[in-house]
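Let us take a friendly walk through this structure. Have the sequence and the 3D view at hand as you read.

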There are 2 protein chains.
Amino acid sequence: MSVDLATPCLVVDVERLESNIARMAASATSRSLRLRPHAKTHKSPEIARRQIAAGARGLTVATVSEAELFADAGFEDLFLAYPIFATAAIGQRLRGLLERADVRIGVDSVESARALAAQLDDDHRQRLHVLVEVDSGQHRSGVRPDDAGELAVGVARAGLEVLGVFTFPGHSYAPDGRQAAADQEAEALDRAATALTEQGIEPLVISGGSTPSVDLVRAGAMTEMRPGVYVFGDAQQWELGTTPPEAIALTCLATVVSHAGGNLVLDSGSKALGADRAAWATGYGRLLDYPEARITLLAEHHAVVAWPDRLPRPERGSRLRVVPNHVCIAVNLTHELLAFSEGELVDRWPVAAQGANT
Amino acid sequence: MSVDLATPCLVVDVERLESNIARMAASATSRSLRLRPHAKTHKSPEIARRQIAAGARGLTVATVSEAELFADAGFEDLFLAYPIFATAAIGQRLRGLLERADVRIGVDSVESARALAAQLDDDHRQRLHVLVEVDSGQHRSGVRPDDAGELAVGVARAGLEVLGVFTFPGHSYAPDGRQAAADQEAEALDRAATALTEQGIEPLVISGGSTPSVDLVRAGAMTEMRPGVYVFGDAQQWELGTTPPEAIALTCLATVVSHAGGNLVLDSGSKALGADRAAWATGYGRLLDYPEARITLLAEHHAVVAWPDRLPRPERGSRLRVVPNHVCIAVNLTHELLAFSEGELVDRWPVAAQGANT
């Protein structure tokens, strides 16, 4: 990295990225699971293309605008894993999307299904496929698994086709809770699929999976998995034990700007790293090459690092590689990812869906 | 707000904004202080122009790229309140800036001053003015006040002109600590200014001020104040008691997308609001029109609201006004601010410096 890069900036190690992509694809194949990675992590068509090339089938997105950007980039199989509430403007955008991609969408209430159906004509209604969202323990959105059958019937009565069920086990982001969350996820999906079957609706798609839980879910629990973070890894995954530091493919290159108070102060603040800090996290981010160091204070443009006493303190002007706590947030704060291969800057990948929240 | 706005989006109440700008300008004038608002809060030339029109003199910025964007927009008096470490690339950009604006810059070490001076020729060195940064208790960057004199001498020996001292009392963001932080700020600035004087360097500028502390600092403690958040207010300021809810000028318009678990789920997640949550904050953001409600769980695209039992729960599809915890972060996550006057959308202001971290 001899280039005088403007810091902070996000740097991707292409070899590690490819390795992470291949490993997850192999994990899905070995279990006969369809891999539909969540594109909200990278927001980048360049990386989505590599995922598809490695065997992923389709993408998951979180917002209509993410769906639009990936459809514009040529991705034709998209799952909008979010309980969209369709206004007239959203309806118009969904109709546009359905003209150029296969679209699945999440629904967690009959009311939302009706609002959605009201925005579509017969032709578009037949093209749109619904996955009923169930809550497997995160308590964010989704119905109870046993209520999935009733909801599916309501969605069908609203005129939309139900393809199956999905969940996101977000509570798997816990150091001692990964296996329990994976078990709850499997049980929730199983009960929800059964509830659909009991109503005469065949659950063709049973979709789950988060980076921390995906390797722990029992065989047969799902037909599709949707991890996102695995492409890069981050400090949360490092601390959860799902991504060893040598597999972390994205870092924030930062400059030491101050030695105030005997600490290191880096220019990678919360406007570069994001302010996510789970209760169990040991800091606001880690240093890839100094695992003992911790970011103890994070301001918008300052990351204050408590530096291990036994190590010489890097000079002002030094560049260090910071691992953000939550990589999806860090990526969304910048406009391009600098792709490095064997130590050389080989490409700049636009974060095409940066800020695509609507 | 009858327009079918795509949510989440940031909405500015122009009357409240103008009132906040006028109030802070009057506060500065009444104390014969120069007001140099921090533009990192709004990142918007449209709002900076209103601040200058109301009497602010110059702007504060946090990064070279913010300085460049505001210089390009015609602002010619900029204080880069950050301990920049000047590489060759930064040096080139600073020389460009000095061609089109008066630039002051923060320095907290002789090493950084030397790196800065090494990038400038005699002409540019004479145009650049340095403010020595002192730590008034946040322990982020800056030297101890008593060391400011020695640092100022070192900066002068490096060939740069020292104009004065500055601090940021970030520890004023504490419910019971505002007055104490303001007192420490005043004392730190006083000692630092004295330390400069003792070295024969006249402290022409003594600069401080954060939104929570600026009204509490004793008369004569500074010549200039640099609050930022006051233009909008946010949930932190609401809870600190510095901005009453009726003065909050920016909200995130969000849609109710789910009633899962008996809660409200809004589409304003951490990619719209930011994930900042101080230890003393009561949640991840507030609802302007429902002060009893709290955001208890925040994911990238979900804000789960614990809804007060005694109130009817808004229907799915309803629009609510969310007050972000930290407005500077929320603004940096979007590309435009929707300006509303008397309930009508009157303008869209670009967040010109969105993502300008370098």
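Is Lys43(A) buried or exposed? With a relative accessibility of 0%, Lys43(A) counts as buried, because the limit for that word is under 20%. Keep in mind as you look around that this is a predicted model.

Lys43(A) has a partner, Glu66(A), and the two form a salt bridge whose closest N and O atoms are 2.8 Å apart. Glu66(A) sits in helix α3 (residues 64–72) of chain A, while Lys43(A) belongs to the loop between β2 (34–35) and α2 (45–53) of chain A, so their pairing ties together parts 23 residues apart in sequence. Glu66(A) also counts as buried, at 0% relative accessibility.

Other salt bridges have partly exposed partners. Take Arg191(A) and Asp146(A), with their closest N and O atoms 2.5 Å apart. This pair links distant parts of the chain: Arg191(A) is in helix α8 (residues 178–198) of chain A and Asp146(A) in the loop between β6 (129–133) and α7 (148–157) of chain A, 45 residues apart. Arg191(A) counts as partly exposed because its relative accessibility is 37%, and Asp146(A), at 48%, is partly exposed too. Elsewhere, salt bridges with shared partners join Arg34(A), Arg36(A), Asp77(A), Arg104(A) and Glu224(A) into one network. Over all chains, the count comes to 49 salt bridges.

Aromatic rings pair as well, and a search of the whole structure finds six such pairs over all chains. Phe79(A) lies in strand β4 (residues 77–80) and Phe166(A) in strand β7 (residues 161–166) of chain A, 87 residues apart. Both Phe79(A) and Phe166(A) are buried.

Now turn to where the two chains meet. Chain A and chain B each bring 57 residues to the contact. About 4,400 Å² is buried between them, with carbon and sulfur atoms giving 55% of that area. On the side of chain A, Tyr82(A), Arg140(A) and Lys271(A) lose the most area to chain B, together 15% of what that side buries.

Polar links cross this boundary too: 26 residue pairs are in polar contact between chain A and chain B. The side of chain A that touches chain B divides into 21 nonpolar, 22 polar and 14 charged residues. There are four salt bridges between the chains, including one in which the side chains of Glu111(A) and Arg316(B) meet at 3.3 Å, N to O.

Definitions and conventions
Residues are numbered from 1 along each chain as its sequence is written. Chains are lettered from A and ligands numbered from 1 in the order in which they are written. This is a predicted model: local features need pLDDT of at least 70, side-chain atom pairs count only at pLDDT 80 or more; totals for chains, interfaces and linings use all residues. Side-chain values use heavy atoms; hydrogens and water are left out. Contact means heavy atoms within 4.5 Å. Buried area is the accessible area (1.4 Å probe) that two parts lose on being put together, summed over both. A polar contact is a pair of N or O atoms within 3.5 Å; within protein, one must be able to donate a hydrogen and the other to accept it, and residues adjacent in sequence count only if both atoms are side-chain atoms. Ala, Val, Leu, Ile, Met, Phe, Trp, Tyr, Cys and Pro count as nonpolar, Asp, Glu, Lys and Arg as charged, and the others, Gly among them, as polar. Rings of Phe, Tyr and Trp (its six-membered ring) pair if their centres lie within 6.5 Å; planes under 30 degrees apart count as stacked, over 60 as edge-to-face and the rest as tilted. Helices (H or I, at least four residues) and strands (E, at least two) are DSSP runs, numbered from the N terminus. Buried means under 20% relative accessible area, exposed over 50%, partly exposed in between (1.4 Å probe, protein chains only).
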